Amino acid sequence: MAANAPAYRDSRTIPARRQRALRLLDDRNVLGFLLILPAVAFLLIFLAYPLGLGFWLGMTDAKIGESGRFIGFGNFVSLAHDSVFWLVVFNTVLYTVVASALKFGLGLYLALLLNRRLPFKAFIRAIVLLPFVTPTVLSAIAFWWIYDPQFSIISWSLIKLGLIDKYIDFLGSPWNARWSVIAANVWRGIPFVAITLLAGLQTISPSLYEAATLDGAGAWQRFRFVTLPMLSPIIAVVMTFSVLLTFTDFQLIYAITRGGPINATHLMATLSYERAITGGRLGEGAAIADAMVPFLLAAILFSYFGLQRRRWQQGSRD
Amino acid sequence: MLGITRRRVLQSGGAAGLMLLPGGAARAAPAWSGPAPEAGASIRVLRWKQFIQAEFDAFVANTKKFSDQTGVKVRVDAESWDDIRPKSAVAANVGAGPDIIMGTLDDPFKFPDKLLDLTDLAEYLGAASGGWYPVARKYGVHDKKWISLPQGATGGCLNYRISTMRAAGFDEFPKDTAGYLKLCQGLKKAGKPPGFALGHATGDANGWTQWCLWAFGGKTVDNNNNVVIDSPETVAALEYAKQLYQTYIDGVLSWLDPSNNKAFLADQISLTFNGISIYTVAKNSPDPALNAIAADMDHANMPIGPIGRPTEQQNILSTYAYAYTKYPNAVREYLRFMWEKPQIDYWETQSNGYIAPPLPAWNDNPVWTADPKVTPFRDVLKFALDDGYSGGLGSASAAVMGDFVVVDMFAEACTGNKSPKDAAHDAAERVKRYYSA
């Protein structure tokens, strides 16, 4: 019966335009493009557009309530003559370099310790992660108390132990304050480095260590010639992230010092916020944020070249 | 929708409006003649987040009373001061958002053209209440037009311990800067020093450093917005502050706004600059030690410097409405209702004197005199100058304060990080960046 006839349609009945469209979908390149289109659109709208807008804003004299006009590199020229800006660049670089180096050194040491056969291994690993899972603002407020010039638990303990006779002024002088906020950042950042490197360590085949031991390699040589090369791609990635997160740190500083005393702990992110939102100069604040990009790009390039070392790992030369 | 008609401040000659003045002259009380709210009006208010729940509840109760009387729906949202600033800017930029914002300081001066003209209302309220304090008028008027209604100030005063003051050889709080320095030195000798924030503490650090700068005749800019902070007067203020700093408790360079509250309540300092919160906490605490501090503390207005008149800096609350509102009449009527004495009296009583009045006529509320320790907070706007004094309010004055230029200058000079002369010179360079842009 006609009603029970198969419902397929002869290709000759499909309009020519639709046939062309269907043929295009058969093309792997076209189909591939269409499939990645949503992801590309997402990236363009939510990443590229705000970034571009940020660059544009940095080239205007926009203030809160005024859209501003294009002034080219006016904000950057003005910032070049601003002593506070250069102090803040110095603070940011110092903060990033010292904190990242400490996080790497201590994180690697912790990862090597955790990679050994330890009792309660899972429990200890969970504890190590605690600083990382604590909300930053909460840990920052804790540090604010720990560093308090009148109520510091550290000073109190040292006084009770008879080691000092006066409360330590952790945040009351520029250099004390710098080291104190770096210490807070290191405390918070170590778990991320340690746990990631631990994951890397566990991917290294024990047979490599056995072979090295048979060849007469000592502990240091095993670390230098087996662990470190095998771990280098992970180190590159984890340190890139660590440097990026440290360089753009905001919450710790904002909660503990607000950039004081005398701008000694102001970082580029906090200065950018202070100038743009508190001070109302959106253009200048955006320009400070833009000025962070070269540093961040350098960190990404470090990662890129670090990852290339995989060839070295596989036996070929760098 | 009703058209916006010109409102006038009428001098009514009716018996109800007659007010006999002390001099015997009869003056007619002004009457409000603004148009009624638009039919079906609905407005949104974004205000600062409450620190005292009873204050917010009273505000909401007043609002409900207005809605019941007029049929105008009012939605009240509350955000922290820091969050209101960007939101008010976005509303001004995009032309949509709350109809009314209750924020702080010079925010409305960043977008005066986007705001509803409140001139007639402000002049009416001023005339009905004996005139605005000069500083309140300064925060309300832009280019001869009222763009903002001052709501008052979360006033700051000197909080001191009576017993330590007496131990330092003073029976009453000194009224001038010379006596004040001697008191600070005496307090340190008595073992309970003063403590004043010198970190990036928006309220407390700006409060005392700006006072000190102005007390000695220093200022960031002159009447024409020329930068004049690098002056002998500023250097004198810094030299004076340096002597004060030597009497302070250790660590004030890192103090943020809550730090002095903690130190005062922990019985570690005997003098600081703060709002009424220390006293309120100590008085209402179940802890007898804190009750004892409340009993032994009092408040004073800032001393007068060589300039010979009060020079306080206060956190002034500004209320403004946007020109984009669909219901300008309802907005004005709401503001009028909320600023009228019966509503204000109820609100102030419930707030326990949290907001210092911008109009002297509001001073007769018993909340200010029932406890004499609260009275100094009542008068802070009588003694205050505006930020960016003596220039105009706007984005430059806001930016200088936001960048802590004056606080940093004092911190540098007090700690010996820079000489007072160098600190003043460097501060001038920083201020110029904002005023020349």
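Chain A contributes 32 residues and chain B contributes 32 residues to the contact between them, two residues being in contact if their C-beta atoms, placed from the backbone, lie within 7 Å. The model is predicted, with local features needing pLDDT of at least 70 and side-chain atom pairs counting only at pLDDT 80 or more, while totals for chains, interfaces and linings use all residues. Residues are numbered from 1 along each chain as its sequence is written, and chains are lettered from A, with ligands numbered from 1, in the order in which they are written.

**Side of chain A that touches chain B**
- On this side, α4 (83-114) and α12 (268-278) of chain A each supply at least two residues, helices being DSSP runs (H or I, at least four residues) numbered from the N terminus.
- The largest share, 4 residues, comes from α12(A).

**Helix α8 of chain A**
- At 1.5 Å a residue, the 28 residues of α8(A) (residues 174-201) should span 40 Å, which agrees with the 39 Å between its end C-alpha atoms; the expected span is 1.5 Å times one less than the number of residues.
- α8(A) bends by about 35° at A:G189, with a proline, A:P191, following within four residues; the bend is the angle between axes fitted to the seven residues ending there and the seven starting there.

**Domains of chain B**
- Chain B is divided into domain 1 (38-147 + 315-355) and domain 2 (157-312 + 385-436), with bounds from an automatic or database domain assignment.
- The centres of domain 1 and domain 2 of chain B, taken over C-alpha atoms, are separated by 30 Å.
- In chain B, 11 residues of domain 1 are in contact with 11 residues of domain 2, and the domain 1 side divides into 5 nonpolar, 3 polar and 3 charged residues.

Note on methods:
Nonpolar A, V, L, I, M, F, W, Y, C, P; charged D, E, K, R; others polar.
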